[in-house]
Amino acid sequence: MKKYHVGYTTGVFDLFHVGHLNIIKRSKELCNYLIVGVSTDELVQSYKNKTPVIPLENRIKIVESIKYVDEVIVQSTMNKLEAWENYKFEVMFHGDDWKNTPMWKEYEEKFNRVGVDLVYFPYTKETSTTILKQKIII
């Protein structure tokens, strides 16, 4: 029996790699139904000042094809509480590279008030989209 019924995670999922797979797989190990939000190009540009290499429609198709994913949604805002209001997940999963940042401390407080757990998984240090882009350029 899994700890949670509905779980949620989000990401850009650009240049899909094993780090992305790790967070999705580990999330699904803890919940029966996993919803994955894929960030729009505009959202990524607004907070990373980068445009994804892979277009949104293709990133959605990639994430939809993963056996651990039950539902894919488009993430057009960073407001995770709004996502909770729409999808009523019991837990949100995220990489620990964002843990203890002001934004995620605020999410922890807000989720705590509505009974949503926030589970951080270790960041896959040996790979990232940034590392892949650097290797491609060389």
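The protein has six helices and five strands (DSSP runs numbered from the N terminus: helices, H or I, of at least four residues; strands, E, of at least two). From the N terminus on, the elements follow the order β-α-β-α-α-β-α-β-α-β-α. The model is predicted, so that local features need pLDDT of at least 70 and side-chain atom pairs count only at pLDDT 80 or more, while totals for chains, interfaces and linings use all residues. Residues are numbered from 1 along each chain as its sequence is written, and side-chain values use heavy atoms, leaving out hydrogens and water.

Of the 138 residues, 44% count as buried (under 20% relative accessible area, with exposed meaning over 50%; 1.4 Å probe, protein chains only). Among contacts (heavy atoms within 4.5 Å) between residues at least 6 apart in sequence, 79% join residues at least 24 apart.

In helix H3 (residues 56-64), the buried residues are Leu56, Arg59, Ile60 and Val63. These residues lie on the same side of H3 because they cover an arc of only 100° around the axis, taken from the directions from the helix axis to the C-beta atoms. Glu57 and Lys61, on the other side of H3, are exposed. The cover over the buried residues of H3 includes strand S2 (31-39), helix H2 (41-48) and strand S3 (71-75).
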